[in-house]
Amino acid sequence: MDPLAARLRQPDPRSCGAASVVMARLVRDPATPAPTPEQFRSDVLACHRRLTAAHSSGRWQVPWPRALGTPPWAVRHELEAVTGREHVVRLARWSPEASYDVLAASGGVLYVGSRALPRHVLLVLPGAAGGLRCYQPSRGTVVVLPREQLVEGRLTDAGWPRAWFAVTPRT
């Protein structure tokens, strides 16, 4: 079964980044069957603990309070381990057009939030036409984010209106 069709949701309000990383692993290997909701929950919570620890993916990192979600640099390290490709964290807030183009071509992770703070993380699937095709971990569904919404800072299906960071493969 396709893991994107399994409606697998993040288990708590802080684990959207970890849920996106776990889903990235699942969609990368289509031969792996979709986990049960209980297994997905367990995998996401373990990933969140790892991503907010002082040491993750064989590297030291700035510790991060788990209550604040998942730091972009930890997601970058984990995606590098998953894909075998170097990733970068881009500030999408100030260059949404460029971030959209890179995300549409190569996929990655998009941090969204309010004017003041990033608050949520989505997995962007590569090769989308007509908008960014994203795994929305709070719903466990796939949503499409049109380019004009990202550029204008009025995302409607992302959970929050503004793009903050994009974690993408280095081009």
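1. First, the ground rules. The model is predicted, so local features need pLDDT of at least 70 and side-chain atom pairs count only at pLDDT 80 or more, while totals for chains, interfaces and linings use all residues. Residues are numbered from 1 along each chain as its sequence is written, and side-chain values use heavy atoms, with hydrogens and water left out.

2. Helix 3 covers residues 72-83; helices here are DSSP runs of H or I with at least four residues, and strands are E runs of at least two, numbered from the N terminus. Its 12 residues reach 16 Å from first C-alpha to last, close to the 16 Å expected, that is, 1.5 Å times one less than the number of residues. Gly84 follows helix 3 and has a positive phi, near 75°.

3. Among the buried residues of helix 3 are His77, Glu78 and Glu80, along with Val75 and Leu79. Buried means under 20% relative accessible area with a 1.4 Å probe, protein chains only.

4. How many disulfides does a search of the whole structure find? The count is 0, taking a disulfide as two cysteine sulfur atoms within 2.5 Å. For Cys47, the nearest cysteine sulfur is that of Cys16, 12 Å away. For Cys134, the nearest is again that of Cys16, at 13 Å. Cys47 is buried, with a relative accessible area of 0%, and Cys134 is buried at 0% too.

Conventions. Buried < 20%, exposed > 50% of the residue type's maximum accessible area, 1.4 Å probe, protein only.
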